[in-house]
Amino acid sequence: MSKSISCQVLVVGAGPGGYVAAIRAGQLGLNTVIVEAERAGGTCLVRGCIPSKAMIHAATRFEQINSHVDEAKLGIHVPQPAQLNMGQLVDWKDAIVSRLSGGVEALLKKNKVTRISGWAQFSDAKNCTVDTPEGAVSIMAEHVILATGSRATELPSLPFSENVISSTEALELRELPNHLVVVGAGYIGLELGIAYRKLGSKVTFIEGTDGIVPLFDQELTAPVAKWLNQHDVEVTYSARAQSVTDHGSGEGATLTYTDKNGIEQTIHADKVLVTTGRKPNTHDFGLENMCLDMDGAFVKVDKQCRTAMKNVWAIGDVVGEPMLAHKASAQGEMVAEIISGLKREFSPAVVPAVCFTEPELVGVGLTPALAKAQGIETKVGKFPFAAIGKALTMEAGQDGGFVRVTARKDNHMIIGIHAVGAHVAELSNQFATAIEMGARLEDLANIIHVHPTLGEATMEAAMATLGHAIHI
């Protein structure tokens, strides 16, 4: 049975951008509808950030337990190796996802947001039809917020199949592959590849550039490269994947690639994980009928996330880099407030980036190299976690980790803070706050930091930039 409804705000996509936009619109008293074909939470909650961090945590715990088998490390001896049950690990991960997705659904309901399950098809900028199990629903909206997200890039030469998988399938494997080949050593590939190595798989990376995680400079990625080397993870740099042959169930796949010398090579694995980027979801919902301008593959927006069509907005991955959940959420909240009449624009000083490798990587603001390229004279200082007491008590100070601060030379305003080390993701919000609020080196250096904490490294790095770190 078909029906028609109208609303003030229609949100398409219930990922971290869409559901935040809908909840905030509901809080502001706007009649809001959200359309989502799958579970609430989007890629981040269902297929990305949350499930991958759950797997990374389980893998780290498994590795840590087994580190006590051969010796009484920390005075703790485990008499025999731990046993891994991949099926139970996946079930535990799925339970977390279900709990959080259910929480999002409850928040939408609490804020009087109408939830429609299905795939929206737009006939023009403000009208769409959604096929639901109960029948077609036609929706007419005053404002439309596109929050359709992105998906893993499938290369024509490496089509996904049973044994050639994307990150989505890598998070669902119920049997541990003996050998995992990862195409692409960016943040997605490294996070999952390192997790599988900790779980016991042999892992090989085929990377097209001459380094790992191009978002971070070599000084920062050096401790990660060291970990890979120490754990017998082979990384083939400057290699180009050419084709893949899937041999069928239980038989694995063979990847063909050219090495840095242009010589063709082959490698066989149980699974080939392709992590060569993501692309925006701009197809199959009638975008071509909405009269929007495009910016390459992305929907073009201004600083308020307005598109070329009046009262049509776009947020998150569909509008371009950085493709990060927290950026999408910030944009979603902002758009809802603009629609309600508040004055806002999306102009953050920084958008923090974190990579949950071993050890973790954090990037907030400009690196020294980027600052130099912009003609900014800088002062740079860093402080090692090896000199932080709390890090040593957590066995986190021997991985080569550090905090690095970049500031303007003329007025000492901090323009970048970067870090590598265990648990440094938890410091990223302090880094972003300092830069957003225009902190100077003297501010960070003179703020009393709690002892003993990892965060002391931020204070000491600021002191080092000023030339008077205390503990080195």
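This is a predicted model: local features need pLDDT of at least 70, side-chain atom pairs count only at pLDDT 80 or more; totals for chains, interfaces and linings use all residues.

Within what distance do the axes of helix H3 and helix H6 come, and at roughly what angle do they cross?

1. **The H3 and H6 pair.** Helix H3 covers residues 49-66 and helix H6 covers residues 187-199. Their axes come within 8 Å and cross at roughly 30°. Angles under 35 degrees count as roughly parallel, so H3 is roughly parallel to H6. The crossing of the two helices is left-handed.

2. **Who makes the contact.** On the H3 side you will find Ser52, Lys53, Met55, Ile56, Ala59, Thr60, Phe62 and Glu63. H6 answers with Glu191, Leu192, Ala195, Tyr196, Lys198 and Leu199. Sorted by class, the contact of H3 with H6 has eight nonpolar residues, two polar ones and four charged ones.

3. **The disulfide.** A search of the whole structure turns up one disulfide. Its partners are cysteine 44 and cysteine 49, with an S to S distance of 2.4 Å. The angle about the S-S bond is -130°, and the link is left-handed. How exposed or buried are the two partners? Cysteine 44 has a relative accessible area of 15% and is buried, whereas cysteine 49, at 31%, is partly exposed. Cysteine 49 also belongs to the residue range of helix H3, 49-66.

4. Cysteine 128 is itself buried, with a relative accessible area of 3%. Cysteine 355 is likewise in no disulfide, and the nearest cysteine sulfur, in cysteine 49, is 12 Å away. With 0% relative accessibility, cysteine 355 counts as buried.

5. **Cis peptide bonds.** Most peptide bonds are trans, and two places deserve a look for that reason. The bond joining glutamate 321 and proline 322 is cis, with omega about -5°. Proline 322 sits in the loop between strand E19 (312-314) and helix H8 (325-339). The bond from glutamate 358 to proline 359 is also cis, with omega near -5°. Here the proline is in the loop between strand E20 (353-355) and strand E21 (360-365).

6. **Positive phi at cysteine 291.** Most residues other than glycine have a negative phi. Cysteine 291, though, has a phi near 55°. You can find cysteine 291 in the loop between strand E16 (278-280) and strand E17 (294-295). Is cysteine 291 buried or exposed? Its relative accessibility is 56%, so cysteine 291 counts as exposed, the cut-off being over 50%.

7. **Positive phi at histidine 423.** Histidine 423 is not a glycine, yet its phi is positive, about 65°. The residue lies in the loop between strand E24 (414-421) and helix H11 (428-436). Histidine 423 is partly exposed, its relative accessible area being 39%.

Key
Residues are numbered from 1 along each chain as its sequence is written. Side-chain values use heavy atoms; hydrogens and water are left out. A disulfide is a pair of cysteine sulfur atoms within 2.5 Å. Buried means under 20% relative accessible area, exposed over 50%, partly exposed in between (1.4 Å probe, protein chains only). Axes are lines fitted to C-alpha atoms, for helices over the stretch in contact, and angles run from 0 to 180 degrees between N-to-C directions. Helices (H or I, at least four residues) and strands (E, at least two) are DSSP runs, numbered from the N terminus. Angles under 35 degrees count as roughly parallel, over 145 as roughly antiparallel, 65 to 115 as roughly perpendicular and the rest as oblique. A crossing is left-handed if the near helix is turned anticlockwise from the far one by less than a right angle, and right-handed if clockwise. Contact means heavy atoms within 4.5 Å. Ala, Val, Leu, Ile, Met, Phe, Trp, Tyr, Cys and Pro count as nonpolar, Asp, Glu, Lys and Arg as charged, and the others, Gly among them, as polar.
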